[in-house]
Amino acid sequence: MNGQLLVKVGMADLNIAADGAVLKTTGLGSCVGLTLFDPICKVAGMAHVMLPSSSIARESQMNIAKYADTAIPELLERMKAAGARVERMEAKMAGGAQMFALGGSDTLRIGPRNVESCTEMLNQFGIPIKAQDTGGNYGRTIEFDSEKGILVIRSVQYGVKEI
Amino acid sequence: MSLFDSFKAFELDVLKEVGNIGAGNAATALSKLLDKPVDMGVPKVSLLPFEEVAERVGGSEQIVLAVFLRVEGEAPGNMFFILGEEAAKRMLNQLMSMNHVEDEGYSELELSALCEIGNILAGSYLSSLADFTQLSMVPSVPSIALDMAGAILSYGLMQYGEMGDSAMLIETTFIEDYQSLEGHFFLIPDPDSFNKIFKALGVDLG
């Protein structure tokens, strides 16, 4: 709002920001918006993860930002290249909702599975999850401030929330 | 995604006809419900990057009312009937004589009524399509959401996620003449359903 640089992260996309720039991704449903932050050097990263595991990928040119198990390592590499250190990083997550209440099939539980998969990857790298706002049945738009390390979450039903 | 890259103009025309037949029937149903003439736009068939799908209904953060049905059977897919907030209010007003009160959200009864309208329209879309293709297409119980378009539509794109970053969708728009009540139908067949649809219609993909 105060002339901060806005870095947009699309669906199945990831990016990093520093120097007070703000990372933003819109319309998270069952997708998970994951942010990593190194509070010492103020480098932040965000991934809009769509699917839990790349093991199901059938695409010829894989988009590694799409899957939890490939997006997180890539994001770490990009952040390390920008000066961040893994041992200082902390994570926040939002999204992973179940937009429609239909029983049964696995696709319909994709939101919770995305959250589980992200959590597992973060555990593997020993990155603590500082806060999360996941689940529910509603969409979210998120913004992460690379200066303050605050994640702002907007939703239709619940308005604005900061974690 | 190579399958879709190789779709020729003729195959796209076939899919447009699929949209035309389905939505034509749904438009008739809507016209009967409203007791007013309902116009239909020319169906659009496009392979859209995920990012752009929500742009079709006003952008990722646009608040829309969506009825979602999962289509099961021989040619599975996802189906959305999407209304803007204005259109949803008009529809309630015209069909149920319900006057929507500003800023009060939607009551359970209103949502249920809109969900049922979506169900009727989607049902007539699918049953005409099933007749046309002789494939079984059975809609699930409908569910409704009032939320950001991006969050809603991405739900229907999951089957494409593992194949690439774009989805094939068949889109039709309704317009009810005088009050410009506009609604969108999205049929997003699962990637594997296209071959079945083409085969059923005698299109040789060779």
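**Close-up 1. B:Asp165 lies in the loop between helix H7 (158-161) and strand E7 (166-176) of chain B.** In this predicted model, B:Asp165 is partly exposed, with a relative accessible area of 32%. Leaving aside residues up to four places away in sequence, B:Asp165 touches B:Leu48, B:Pro49 and B:Phe50 of chain B as well as A:Ala12, A:Asn63 and A:Lys66 of chain A. The side chain of B:Asp165 makes a polar contact with that of A:Asn63 at 3.2 Å, and B:Asp165 also forms a salt bridge with A:Lys66, in which the closest N and O atoms are 2.9 Å apart.

**Close-up 2. The contact between chain A and chain B takes 36 residues from chain A and 31 residues from chain B.** The area buried between the two chains is about 2600 Å², and carbon and sulfur atoms give 61% of that area. Between chain A and chain B the count is two salt bridges, and 10 residue pairs are found in polar contact across the interface, both residues being at pLDDT 80 or more. On the side of chain A that touches chain B, strand E3 (22-28), strand E8 (140-145) and strand E9 (151-155) each supply at least two residues, the largest share, four residues, coming from E3(A). The residues of this side of chain A divide into 17 nonpolar, 12 polar and seven charged.

Close-up 3. H1(A) is followed by A:Gly83, whose phi is positive, near 105°.

Key: Residues numbered from 1 in each chain as written. Chains lettered and ligands numbered in written order. Predicted model: local features only at pLDDT ≥ 70, side-chain atom pairs only at ≥ 80, totals over all residues. Heavy atoms only, no water. Buried < 20%, exposed > 50% of the residue type's maximum accessible area, 1.4 Å probe, protein only. Contact = heavy atoms within 4.5 Å. Polar contact = N/O pair within 3.5 Å; in protein donor to acceptor, adjacent residues only side chain to side chain. Buried area = accessible area lost by both parts, 1.4 Å probe. Salt bridge = Lys/Arg side-chain N within 4 Å of Asp/Glu carboxyl O. Nonpolar A, V, L, I, M, F, W, Y, C, P; charged D, E, K, R; others polar.
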